[in-house]
Amino acid sequence: MAMDSLSDVSVLLMYPVNAYLEQELDRRFSLLRLWEHSPPDSLFRAHGSTIRAVVGYHGHKVDAALLDALPSLEIVSSFSVGINHVDLAECRERGIRVTNTPDVLTDDVADLAVGLAIAALRKIPQADRYVRAGLWKAKGDYTLTTRFSGKRVAILGLGRIGLAVAKRAEAFDCSISYHSRSQKPFPNYRFFTNVVDLAANCDVLIVACSLNAETHHIVSREVIHALGPEGVLINIGRGAHVDEPELVSALLEKRLGAAGLDVFEHEPFPPEQLLGLDNVVLVPHVGSDTEETCKAMADLVLQNLEAHALNKPLLTPVI
Ligand code: NAP
């Protein structure tokens with residue numbers, strides 16, 4: 001994309017993900033906002049042939065149809081570490097570079113995973129609702145809950161986030177087990193070659209793997225059954241890791257103890273039936289949503305775009 005000035009580069013932002021990112025894209029590049037064009041075809045007809053870069057976001061597919069509409073596209077810079085919304089095979093085939101935002105969000109997502117585990121076991125949101133509803137005064141002390149410290153914590157996907165979760169859980173005297181594609185050099189962490197055995201040997205299962213064809217619905221009916229009525233499922237990966245109808249019926253029938261969920265299969269539409277349940281804690285995909293991390297993610301998106309435009313090495317290439 002070698003050019004005289006960055007402001008010549010047409011960048012398509014898929015979604016108003018972050019005000020600072022949008023402002024900086026607007027200041028440095030020639031910015032087009034997808035959501036301002038309805039239907040998007042009008043934007044593609046007018047500008048499709050000039051757009052050189054796309055800023056992606058989870059839930060907004062970069063697929064063959066979009067790539068067909070953008071024949072001059074050179075780079076997809078995603079405001080996320082997960083890149084399951086990007087058709088990598090198509091990008092590779094067309095020579096389009098892809099970048100993501102690893103590392104800078106790891107601590108926040110790991111913090112939320114542990115937060116959800118404690119919230120689900122200690123019923124923090126439920127206890128908060130109890131106080132707000134005046135029930136403390138009316139009905140007396142809140143029900144006893146279950147401790148997090150010392151529990152057997154299992155991590156599905158011991159990558160950057162999974163490892164950060166493990167370190168945090170260790171500080172709570174939890175024992176750690178995990179399943180990943182490959183065994184890692186952590187002798188204190190017990191490796192399981194399959195997820196059912198992992199789930200059968202833990203109290204809290206934390207999903208932190210990337211979403212791909214193999215991990216789609218990896219938390220199946222069998223895995224949920226192995227976790228059992230005392231087990232807790234925490235998902236800070238992607239909604240589609242979990243077979244959601246199976247999760248809902250297991251929670252309704254108390255075949256699963258509790259769940260703490262940041263991600264859902266069809267966002268922003270968590271299953272209706274979960275909303276009335278007292279054994280789930282629900283948050284709206286906020287794993288990396290702190291001021292600090294979103295600024296760092298935005299800077300990485302901008303730096304990758306600038307590096308590409310100036311023919312310099314990408315900071316965090318996926319392809
Ligand atoms: P990462 O370092 O690439 O870790 C991904 C992990 O997934 C690796 O441990 C990998 O195993 C494992 N994995 C991949 N395919 C697998 C398979 N078929 N079976 C078992 N394990 C498999 O990525 P990360 O930075 O930790 O991020 C992980 C994911 O978290 C992202 O992809 C994203 O979907 C999600 N995330 C969510 C939020 C949120 O807001 N909730 C924020 C950021 C990220 P190996 O190490 O053996 O290859």
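Helices here are DSSP runs of H or I with at least four residues, strands are runs of E with at least two, and both are numbered from the N terminus. With that convention, proline 268 falls in the loop between β11 (258–261) and α12 (272–275).

Before I continue, two remarks on the basis of the work. This is a predicted model, in which local features need pLDDT of at least 70 and side-chain atom pairs count only at pLDDT 80 or more, while totals for chains, interfaces and linings use all residues. Residues are numbered from 1 along each chain as its sequence is written, and side-chain values use heavy atoms, with hydrogens and water left out.

Let me turn to the sheet. Five strands form an open sheet with parallel pairing, in the order β2-β1-β3-β4-β5; two strands pair if DSSP finds at least two bridges between them. At the edges stand β2 (30–33) and β5 (97–99), each of which pairs on one side only. On average, neighbouring strands are turned by 20° against each other, direction ignored. Strand β1 (residues 10–13) pairs with β2 in the parallel sense over four bridges, and serine 10 stands opposite serine 30 in β2.

Which helices pack on this sheet? Helix α2 (residues 40–47) touches β1, β2 and β3 (51–56), and its direction makes about 155° with that of β2. Helix α13 (residues 291–309) touches β1, β3, β4 (75–78) and β5, and its direction makes about 165° with that of β4. Contact means heavy atoms within 4.5 Å; axes are lines fitted to C-alpha atoms, for helices over the stretch in contact, and angles run from 0 to 180 degrees between N-to-C directions.

Next, the backbone. Most residues other than glycine have a negative phi, and most peptide bonds are trans. The bond from serine 38 to proline 39 is cis, with omega near -5°, and proline 39 is found in the loop between β2 and α2. Aspartate 103, in the loop between β5 and α5, has a positive phi near 70°. Asparagine 311, in the segment after α13, has a positive phi near 60°.

Finally, the pockets. On a 1 Å grid over the protein atoms alone, a pocket is an open set of points where a 1.4 Å probe fits, with protein on both sides within 12 Å along at least five of seven lines; lining residues have an atom within 4 Å of a point. Grid points are joined across faces, edges and corners, and a volume is the space filled by probe spheres set on the points.

The largest pocket has a volume of about 1,100 Å³. Of its 45 lining residues, Gly82, Ala208, Cys209, Ser210 and Leu211 are the closest to its centre. The elements that give two or more residues to this lining are α5 (106–122) and α8 (160–171), and α8 gives the most, with three.

The second largest pocket has a volume of about 890 Å³. Its lining has 35 residues, and nearest its centre lie His58, Gly59, His60, Glu267 and His285. Where does this pocket lie? Domain 1 (6–103 + 291–309) and domain 2 (106–282) both give residues to its lining, so the pocket lies between them; the domain bounds come from an automatic or database domain assignment.
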